[in-house]
Amino acid sequence: MTASDRAGLRDLEEPVRLITARSVLGALLRDRLMLFPLLFLVVLAVTAIGADFLAPHDPFDQNLRLRNLPPMTASASETSKFPYVLGADPLGRDLLSRLMHGARVSLAVGLSSVIASGTIGILLGLVAGYYRGWLDDIVMRGVDALMGIPGLLLALFILYLVGAGFWNLVLVFALTRWMIYTRVTRGMTLSFREQPFVEGAQTIGCSDSRIIFRHILPNLVPPILVLVTLEIAIVILAEAGLSFLGLGIQPPAPSWGRMVATGRDYITNAWWLITFPGLAILLTALTLNLMATWLRTVSDPTQRWRWFTGRSEQFHDPETEIVVPRREQSSRGSMDISTSPPGTAADVHHLLEVIDLRVKFRTPYGVLNAVNGVSYTLNRGETLAILGESGSGKTVSAEAVMGILDSPPAFVTGGSVLFDGVDLLLVSQSRRRRLCGEKIAMIFQDPLSALNPAYTVGSQIAGMFQEHRGTSKREAIAKAIELMERVRIPSARERAQDYPHQFSGGMRQRVMIASAIALDPDVLIADEPTTALDVTVQAQIMELLAELQVETGMGLILITHDLGVVADVADYVAVMYAGKIVESGPIAEIYKRPAHPYTKGLLASIPRADQKMEYLQPISGAPPNLQSIPSGCPFHPRCAFVVDRCFVEPPPLYKVRQERSSSCHRFEDVMHAS
Amino acid sequence: MARYVVRRFIQSIFVLVVVLSLVFFAGRVIGNPAALILGPEARAEDVKTLEERFGYDQPLLVQFGRYARGVVAGDFGNSWWQRRPALPMALERLPATLNLAAVTMLFALPLAMILGSLAAWKPGSLIDKGVNVLSLTGASAVDFWVGLMLILFFAVQLRWLPTSGSDSLKFVILPALTLALRPLGRVAQVTRSAMLEQMSKPYIKTARAKGIRERKIVLGHALKNAFIPIITLSGDEAVSTLNGAVVVETVFAWPGLGLLIVSAVTNRDLPLIEALVFVVAILIIVTNLLVDLTYSYLDPKVRYG
Ligand code: SF4
């Protein structure tokens with residue numbers, strides 16, 4: 001019992017939406033296959049209720065001439081003209097009729113028990129969750145204790161005390177199966193307690209019982225409905241088991257479990273005696289379990305999504321646009337942006353060149369356009385800062401470059417990522433994987449969750465050598481310790497044996513950096529590397545990164561929402577908004593004279609040493625909804641420079657001057673205003 | 001960690017005392033042991049004679065004192081049904097059940113974990129759907145019937161395997177297969193969701209960014225962390241096999257605890273029931289302790305505080 005309940009609970013604790021007659025009907029239309037189990041349940045219920053009229057024979061009518069009559073043999077009975085479709089039992093009673101009457105017993109035990117245990121469990125759960133305190137403690141202690149005992153054993157003990165029989169069975173199930181309702185109800189009541197509608201009812205002076213039954217209980221219906229369906233199946237199975245053991249429903253009452261027990265003695269010569277009653281139990285339980293699973297998906301669409309989407313290995317989504325050939329892409333003269341230093345030709349071999357990268361998220365709620373044509377270049381020894389609010393697509397575009405998007409829901413739908421002239425989006429998976437860590441490395445925002453809690457930090461760094469170089473474990477650990485020293489982790493030799501949770505935030509990020517630079521990558525992408533850290537530690541980490549870059553000559557991409565953090569380190573900056581780069585160029589120039597209103601806003605929202613603090617102001621308005629990005633210039637709802645044309649005409653990337661570009665129709669005015 | 005284990009151990013002793021006392025009082029207050037053994041048609045004086053003979057007529061606390069002393073000495077009195085000491089009877093049956101449970105779990109757990117991991121690796125794939133079906137079947141399996149059908153098919157029709165008994169290894173196959181159905185489905189399902197949860201954690205992204213092979217990410221990084229919920233559940237499932245054992249041992253005439261429990265209840269043998277409760281309770285406590293130990297060993301946060 002313990003395990004089944006806990007696992008059931010796990011699913012039930014997930015958010016559940018309301019189950020309405022309409023949502024069920026709608027879902028039925030969608031999942032036509034569910035009509036079969038539903039139909040089975042209806043037939044079963046009708047059979048159980050109308051067994052007296054529907055059964056072809058009297059289930060108690062013994063006919064010793066028909067003992068163990070095989071199925072489908074012609075009727076030899078004088079009392080009835082119906083054939084014995086499923087055969088007869090050792091007392092010559094019609095098996096089908098007994099099965100039909102058995103359905104009544106099974107369903108009656110199932111329903112009565114669930115009503116009894118459900119009432120007890122739900123009431124206790126409501127009370128415990130609503131009043132909390134010692135009452136809650138006592139109830140939940142009881143729940144935990146009872147759930148630790150194997151249910152059938154407990155049931156057997158109670159049956160020893162009270163004896164077998166229908167109502168005693170119901171009593172047994174009421175006493176042994178209420179705990180799961182209490183757990184679920186209590187958990188949800190606890191969370192509903194804090195909701196505004198309950199607090200509101202309290203302030204207007206509703207009585208506790210009214211709040212519990214009128215305001216909280218109705219919200220619990222969906223999960224309880226799922227639970228009840230599961231529980232009926234469990235009780236029917238348990239009743240069958242107990243009856244099989246001779247401790248449940250007593251003969252001559254027809255019970256499926258008991259019928260199997262009878263058939264057991266004739267297993268060698270009358271297979272139908274155990275086969276059909278067993279099938280009846282199995283089908284009933286299976287149908288109820290199916291219904292429960294399905295009801296859960298009805299009440300929670302994300303469940304459905306989780307169950308039915310396949311994870312595609314494809315990175316280019318076949319439905320949408322094919323990858324645009326690179327040649328065509330880079331020949332779009334004025335729209336080409338180049339952050340290469342002056343004097344280099346545009347088509348020169350860059351270390352990393354991202355061209356018109358596009359990423360979409362396919363979610364159950366619609367398509368999100370996360371990255372909508374991002375292009376930039378990075379050369380050896382350069383530092384590019386990608387700046388933007390959360391949701392601007394800066395992290396997603398970086399993950400697309402690394403090839404570590406969660407797919408689904410994310411799909412690269414277009415563009416190319418040229419590393420050393422090779423399009424990473426077109427190379428094989430295994431080749432791409434080998435480039436990761438070896439040539440391009442990445443570090444993440446929260447080093448605690450980015451490190452594996454179950455491995456020592458030493459082995460996590462060492463993993464790089466073992467994976468890519470096939471180094472022996474000992475040697476790899478020795479190299480890991482060297483790296484830890486290089487990123488200045490004190491007493492590296494001892495600390496290599498420690499687990500991530502034993503480190504401070506700054507030290508964890510040093511561990512991440514150590515493993516990222518282990519194989520001397522050409523490009524390091526740092527995604528908000530200091531956001532989760534203390535201010536003092538932030539500066540140290542940035543310093544370390546800058547130092548390592550000078551030492552190794554790698555290209556560095558710093559993703560951040562805070563220009564202040566990277567101002568001293570970055571050479572170039574690309575500002576992202578709504579999945580696009582809206583402005584890019586050398587950081588000093590942009591800092592001095594932004595050419596896009598959004599950049600201007602970002603700059604104004606960070607404190608600057610060279611300006612008086614009174615100009616500090618956040619950008620008004622909310623970040624764009626990626627499901628429906630505003631027409632024209634996506635920034636227009638928040639823009640102080642907006643003109644009519646901005647509503648309809650999406651601004652191209654204008655070349656502002658040699659190395660700078662801005663996607664604003666009024667970039668000149670913006671620059672003048674700065 | 002040693003402190004934690006000691007604390008759990010003391011808690012367990014406490015639980016044991018509570019359970020044994022509850023069983024004692026329930027057996028004498030709710031039920032009348034003498035009347036139960038003689039059946040509903042028994043005459044009052046017969047019940048009385050029996051009560052006197054076994055001391056059930058004495059004050060409850062006096063009985064409890066005697067019971068408690070007996071328990072400490074490992075003496076639960078004689079079984080009414082077999083007329084010999086109850087505790088050795090129960091202990092004799094322990095190896096058979098442990099054997100059956102061990103084979104069941106050794107078969108079910110690794111397979112379930114492999115299937116669950118594969119399902120999580122490719123949600124929506126054929127294996128994933130298979131795991132769904134498996135857990136649905138496991139939850140709906142009518143264990144006594146499945147056992148009988150296996151007998152019907154393998155033993156009666158094909159004559160490959162023996163129907164019942166426990167003399168050699170091949171006797172254990174069919175009962176273990178029957179018992180394994182439920183934990184197989186359940187553990188596979190939980191492995192799947194635990195793995196899915198781990199696979200969405202940031203450290204998986206890190207591992208991918210490091211260029212670690214996908215197989216290693218799934219079977220090394222994610223599975224190692226997913227082990228914690230899986231182990232907890234496996235302990236529960238191991239305890240739950242006792243449920244199944246009652247029925248399955250009856251079907252296969254497997255001479256274990258389950259079969260004895262049914263006999264004890266059918267024969268209304270209170271001393272035997274009390275001895276069985278004692279043995280089962282200790283079995284559960286030991287299992288839970290083992291799970292705790294494994295758990296704290298696997299989770300560095302517990303191991304190193
Ligand atoms: S194009 Fe128009 S709306 Fe967009 S940023 Fe420029 S001025 Fe503002």
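## Strand β4 and its partners in chain A

Strand β1 (residues 352–363) of chain A runs antiparallel to β4(A), and the two pair over 8 bridges. Pairing here takes at least two bridges found by DSSP between two strands. Strands themselves are DSSP runs (E, at least two residues), helices are runs of H or I with at least four, and both are numbered from the N terminus. One bridge to look for joins A:Val359 to A:Val412 in β4(A).

β4(A) also pairs with strand β5 (residues 422–423) of chain A, again in the antiparallel sense, this time over 2 bridges. There, A:Phe419 has A:Val422 in β5(A) as its bridge partner. These two strands make a hairpin with 2 residues between them, and A:Asp420 in the turn has a positive phi of about 55°. Is β4(A) buried or exposed? For strand β4 (residues 410–419) of chain A, 10 of the 10 residues are buried, so the strand is largely enclosed by the rest of the structure. Buried means under 20% relative accessible area, exposed means over 50%, and partly exposed is in between (1.4 Å probe, protein chains only).

## How to read the model

This is a predicted model, where local features need pLDDT of at least 70 and side-chain atom pairs count only at pLDDT 80 or more, while totals for chains, interfaces and linings use all residues. Residues are numbered from 1 along each chain as its sequence is written, chains are lettered from A and ligands numbered from 1 in the order in which they are written, and side-chain values use heavy atoms, with hydrogens and water left out.

## Strand β9

Strand β9 (residues 572–577) of chain A has 6 of its 6 residues buried, so this strand too is largely enclosed by the rest of the structure. In a regular strand, side chains alternate between the two faces of the sheet. In β9(A), A:Tyr572, A:Ala574 and A:Met576 point one way, A:Val573, A:Val575 and A:Tyr577 point the other way, and all of them are buried.

On one pairing, strand β3 (residues 383–387) of chain A lies parallel to β9(A) over 4 bridges, with A:Leu384 opposite A:Tyr572. On another, β9(A) and strand β10 (residues 580–586) of chain A are antiparallel over 6 bridges, and A:Val573 has A:Gly585 in β10(A) as its bridge partner. The hairpin of β9(A) and β10(A) has 2 residues between the strands, and A:Ala578 takes a positive phi near 50°.

## A buried serine

A:Ser662 sits in strand β12 (residues 660–662) of chain A. With a relative accessible area of 0%, A:Ser662 is buried. Its side chain reaches the backbone oxygen of A:Ala595 at 2.8 Å. Leaving out residues up to four places away in sequence, A:Ser662 touches several others, including A:Val582, A:His596, A:Tyr654 and A:Phe667. Contact here means heavy atoms within 4.5 Å.

## The nonpolar cores

A nonpolar core is a set of buried Ala, Val, Leu, Ile, Met, Phe, Trp, Tyr and Cys residues joined through side-chain atoms within 4.5 Å. Which residues touch the most other members of the largest core? Among its 133 residues, they are A:Phe244 and B:Phe144. Helix α11 (residues 208–244) of chain A gives the largest share of this core, 14 residues. Apart from it lies another core, of 106 residues, among them A:Ile481, A:Ile559, A:Tyr577 and B:Ala209.

Beyond its neighbours within four places in sequence, B:Phe144 is in contact with residues of both chains, including A:Ala240, A:Phe244, A:Ile281 and B:Val251.

Methods. A polar contact is a pair of N or O atoms within 3.5 Å; within protein, one must be able to donate a hydrogen and the other to accept it, and residues adjacent in sequence count only if both atoms are side-chain atoms.
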